[in-house]
Amino acid sequence: MEESRSYSLWSLAIPIAFEAFFQMLFGFTDTYVLSRYSDLAVAAAGYVNQFLSIILLIFRVAASGTSILLAQSIGAQNKKRQASICTAAFWLSIWLGVLSFLLVFFFRNPVIRLLILNQALHEPGKDYLEIMSLGLFFQSVFAVFTSLFRSYGKAVCTSAIAVFANLFNVIGDLLVVSGYLHIFGTIKDVALVTVIANLLSALLTFILFIHSENLFADTKKSILNTNKAMISAGKTTLFGSPNKTTCREILTLGIPAAGESCSYKCSQMVVTMIIGLLGTEALTAKIYAMNFSYLLVLLPNAIATAAGIMVGVHLGAGELNKAKTTAFSCIRKVTAAIAILDVFFLFTARQWLKLFTHDPLILSLAYVVLMMDMVTMFVKNGNLTLGNSLRAAGDVRYPVVISIFSMWGIGTALAWFFAIPLNFGLPGIFAAFFLDEVVRVFLLWRRWKSYHPFH
């Protein structure tokens, strides 16, 4: 492959957003089908999915580190380095996927007892987690291969696979809710469909990577050699093993790079427990509203991801001014996109929420939460793009420090203070989220504006 330093923002961002949209349909359709069982099933799955989202951050460690190193190597046009990075990333995805599955599957009961305070949610929660843990390995493989495709400007490949897998998931969920797919007769059936879809995603991505001609001309050979060693009959020693130094570099960059998301997910777990104190209606309203909030953040997330890749390539080529201009240009484009999405949801949100429930209290709370999140998104988009730009530059620790300080010291602490002592309830929690985003965007903007390479 002949690398180009001139990546198109929209050619990267649109497939990434498209892929994220169909990935989001996993949760969206599952929530819809679970709501046909009961609101208790929705609440139990909500707790489990938040826990699993933290586990998925382990996979982001490898994916983030890979993206940072690979983008810089592409900018520098160092093909040998790219091959080493891809091989190391492949094996890290295998190791992390197996480890996460074993830990979650065999320790699912204590996890549920720790995670869910409401005893009525324990059984559906354990059922759901038992099956969902089976898909963790496949999600690990898919996450890392996705970072490889994106770094080479081939985001459309994983986008097409995500579309196929999610269509499978939607069809499977419809079969469950209509009674045609009746294996366990519980919410396990919903989880099983999602796991099979994850399997298909990982398998198709791997096959496409292995058989794609001229897509990764120099890096593909390294992984192919490793794969041949894996399937050699009677072989116990793997040939083409990953470079240990490269693995360490990926983890060194990836662990802090994933730290911001880890901090966010953990704080959201605590906030969910706070919301649980407000009652099942508040928790259910938050879960329903978040399904649409994910739509709001799709394009900002996609543009921020594309910006990180483009900034990394520019910096690898020694183009600091282009890197800074790219980041600020992306923020302006995201702001315009959010304004259009906000207008759409302003007039249609109530109708969409009625797909899940007709309970007037839950509808009212969910609508207020969604409107507040729409305002917060204008600030959040700056955090996403600036954070990704700093990480692409190798400045991975500063965003993590800011995240830990702001998410916990401002977002989570004020969420409890506004919701419980001041009795502002669910709206008070989302007001705290807004203040958290404002503080972070100011600090990250100052850091990026004054950024200079450390080497």
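Two residues are said to be in contact when they have heavy atoms within 4.5 Å of each other. Keep that cut-off in mind as you look through the views of this predicted model.

**View 1. F142 and the residues it touches.** Let's start in helix α6, where F142 lies. Setting aside residues up to four places away in sequence, F142 touches E19, Q23, T158, I161, S201, A202 and T205. Is F142 buried or exposed? Its relative accessible area is 9%, and buried means under 20%, so F142 is buried. Look also for N198: it is 56 residues from F142 in sequence, yet the two C-alpha atoms are 8.2 Å apart in space.

**View 2. T146, also in helix α6.** Helix α6 covers residues 136-151, and T146 is part of it. T146 has a relative accessible area of 4% and is buried.

**View 3. S159 in helix α7.** Here the helix runs over residues 155-178, and S159 is found in it. With a relative accessible area of 5%, S159 is buried. Beyond residues up to four places away in sequence, S159 touches P15, F18 and E19.

View 4. A45 lies in helix α2 and counts as buried, at 3% relative accessibility. Where in space is Y128, which is 83 residues from A45 in sequence? The C-alpha atoms of A45 and Y128 are 6.6 Å apart. A45 is in contact with Y128 and with L34, once its neighbours within four places in sequence are left aside.

**View 5. Helices α2 and α3 side by side.** Helix α2 (residues 39-76) packs with helix α3 (residues 79-106) at an angle of about 175 degrees, and their axes are 10 Å apart. How do their directions compare? Angles over 145 degrees count as roughly antiparallel, and α2 and α3 are therefore roughly antiparallel to each other. On the α2 side, the residues making the contact include F51, I55, F59 and L70; on the α3 side, they include R81, I85, L92 and V104. Sorted by class, the contact of α2 with α3 has 14 nonpolar, five polar and one charged residues.

**View 6. Q77, in the loop between α2 and α3.** Stay with the two helices of the previous view and find the loop between α2 and α3, the place of Q77. Q77 is not a glycine, but it has a positive phi of about 55 degrees. Most residues other than glycine have a negative phi. Q77 counts as partly exposed, at 40% relative accessibility.

**View 7. N423, in another loop.** N423 is found in the loop between α14 (397-419) and α15 (425-449). What is the phi of N423? It is near 60 degrees, a positive value in a residue other than glycine. At 62% relative accessibility, N423 counts as exposed.

**View 8. Helices α12 and α13 side by side.** Helix α12 (residues 320-353) and helix α13 (residues 360-392) pack with their axes 10 Å apart, at an angle of about 170 degrees. That makes α12 roughly antiparallel to α13. The residues of the contact of α12 with α13 divide into 20 nonpolar, five polar and two charged.

**View 9. The whole chain, and where to read with care.** Stepping back, the chain has 15 helices and zero strands. Of its 455 residues, 56% count as buried. Among contacts between residues at least 6 apart in sequence, 84% join residues at least 24 apart. The average pLDDT of the chain is 81, and 90% of the residues score at least 70. Over residues 1-5, though, the pLDDT is below 50, and it stays under 50 over residues 213-239 as well. The model has 43 contacts beyond four places in sequence for residues 213-239. Where pLDDT is low, the predicted coordinates should not be read in detail.

Key. Residues are numbered from 1 along each chain as its sequence is written. This is a predicted model: local features need pLDDT of at least 70, side-chain atom pairs count only at pLDDT 80 or more; totals for chains, interfaces and linings use all residues. Side-chain values use heavy atoms; hydrogens and water are left out. Helices (H or I, at least four residues) and strands (E, at least two) are DSSP runs, numbered from the N terminus. Buried means under 20% relative accessible area, exposed over 50%, partly exposed in between (1.4 Å probe, protein chains only). Axes are lines fitted to C-alpha atoms, for helices over the stretch in contact, and angles run from 0 to 180 degrees between N-to-C directions. Angles under 35 degrees count as roughly parallel, over 145 as roughly antiparallel, 65 to 115 as roughly perpendicular and the rest as oblique. Ala, Val, Leu, Ile, Met, Phe, Trp, Tyr, Cys and Pro count as nonpolar, Asp, Glu, Lys and Arg as charged, and the others, Gly among them, as polar. pLDDT is the predictor's confidence in each residue, from 0 to 100.
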